[in-house]
Amino acid sequence: MTAGLAARTGGGPAVAREPAMAGLVVVAVNRMPAAEVEVSADLVRRLLADQHPDLARLPVEFLANGWDNELYRVGDGLLARLPRRALGAQIITNEQRWLPGLAPRLPLPIPCPVRTGVPGCGYPYPWSVVPYLPGVPAAQASRLDPAPAAVAVGGFLGALHAPAPADAPANPFRGVPLAERAGSFAANLALLTGQAGQDRAGRAAVLRAWDAALAAPGWDGPPAWLHGDLHPANILVSDGQVSGVIDFGDITAGDPAADLSVAWMLLPPGSHASFWSAYAAAGGAGGRAGDALRARARGWALNLAIVFLAHSEDNPVLRQVGRRTLRAVLEDQRVLDGIRGERHRRG
């Protein structure tokens, strides 16, 4: 739904005020990029009739759009996924190439293409038909059972994070050393300011947590397969249970910490141990899921929280994810600082 959000900003800045969060409020945000081509239900019908005529009589209905793609229901069991701008075309191509090989070994359903489309009917990009996965995004679900969710998502990532081939899609914004995001982190943090008397303390807490993450040893294993954009809007929930993972548009390879940041976005602190246990049991990080990986994952969660807060004028769902994640990371860091302080006092 939001593939590449950390990488891209679009449109002119607008001004908005949000409630204080660790001394920070959003004051400059960006809207999602405008579509570069017009996509409509009628276009989907014509493409299906031209390239997949056996699907042409199914009803077609607009479902949603993200930064890069528009989604249309096709009958009861399918979705058409069409890029709305050129950048989305590469996303579709990556999904078409890599998801069929990954899907069979993953323990949760993913939208693996069941049909592919080529440019036609005046439309310039490749496109896909994928299964319709039931559920609603976890970010909007009325109920999520945290204990089974921790096991489901941890196990999913453990299965996904196998060594990737050398020709896996490159992504300069995810899976890279956390220090390479320092410039964008500073720029996004500069878009956030605080209310009187809170700003200095709030920024100091954020920067302490960021510095702690940067101090962790880097990833020394082979580049692992990554979802690349795993947050609560890309995890589906049905009847309180995790039912699928969607939007692999940022699929790439690198440091697993980028994906593992989802623990702070999705789960309460009491479920983190189960998350990490399930991840290790599924073979995640080749058995290297130690303190350094957790520290980097916490840093990625902080980075993405700042991104979501700074670039979500027209996406209240991700803005709320940003608020919750920032709270979770800073509280986690406060607890860790307290533990270290107590150890220091005891000598």
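Me: Which residue in β13 is the bridge partner of Ile235?
Reply: β12 and β13 run antiparallel and are joined by four bridges, and two strands count as paired if DSSP finds at least two bridges between them. The model is predicted, so local features need a pLDDT of at least 70 and side-chain atom pairs count only at pLDDT 80 or more, while totals for chains, interfaces and linings use all residues. Residues are numbered from 1 along each chain as its sequence is written, and side-chain values use heavy atoms, with hydrogens and water left out. In β13, the residue that bridges to Ile235 is Val245.

Me: Is Asp239 buried or exposed?
Reply: Asp239 is found in the loop between β12 (235-238) and β13 (241-245), and although it is not a glycine, it has a positive phi of about 55°. A residue is called buried under 20% relative accessible area, exposed over 50%, and partly exposed in between, with a 1.4 Å probe and protein chains only. Because its relative accessibility is 64%, Asp239 counts as exposed.

Me: Is Asp247 buried or exposed?
Reply: Asp247 also has a positive phi, near 60°, in a residue other than glycine, and its place is in the loop between β13 and β14 (252-254). Because the relative accessibility of Asp247 is 5%, this residue counts as buried.

Me: How far apart are the axes of α3 and α8?
Reply: Two packed helices are described by the angle between their axes and the distance between the axes. Helix α3 (residues 146-160) and helix α8 (residues 272-281) pack at an angle of about 35°. Their axes lie apart by 7 Å.

Me: How many nonpolar residues are in the contact of α3 with α8?
Reply: Contact means heavy atoms within 4.5 Å, and the residues of α3 that take part include Val153 and Leu157, while those of α8 include Phe275 and Tyr279. Ala, Val, Leu, Ile, Met, Phe, Trp, Tyr, Cys and Pro count as nonpolar, Asp, Glu, Lys and Arg as charged, and the others, Gly among them, as polar. By class, the contact has no charged residues and four polar ones, and its number of nonpolar residues is seven.

Me: Which residue in β8 is the bridge partner of Arg81?
Reply: Strand β6 (residues 78-83) runs antiparallel to β8 and is joined to it by four bridges, and Ala80 stands opposite Val129 in β8. The partner of Arg81 in β8 is Ser128.

Me: Which strands stand at the edges of the open sheet of five strands?
Reply: The order of this sheet is β4-β5-β6-β8-β7, with antiparallel pairing. Strand β8 (residues 127-131) is mostly covered, with four of its five residues buried, and three bridges join it to β7 (residues 115-117). With a single partner strand each, so that one side is left without a neighbour in the sheet, the edge strands are β4 (60-65) and β7.

Me: What is the relative accessible area of Arg298?
Reply: Arg298 lies in helix α9 (residues 291-310). Leaving aside neighbours within four places in sequence, its contacts are Trp264, Val329, Asp332, Gln333 and Leu336. Arg298 is buried, with a relative accessible area of 12%.

Technical notes: Helix = DSSP H or I, 4+ residues; strand = E, 2+ residues; numbered from the N terminus. Axes fitted to C-alpha atoms, helices over the stretch in contact; angles between N-to-C directions.
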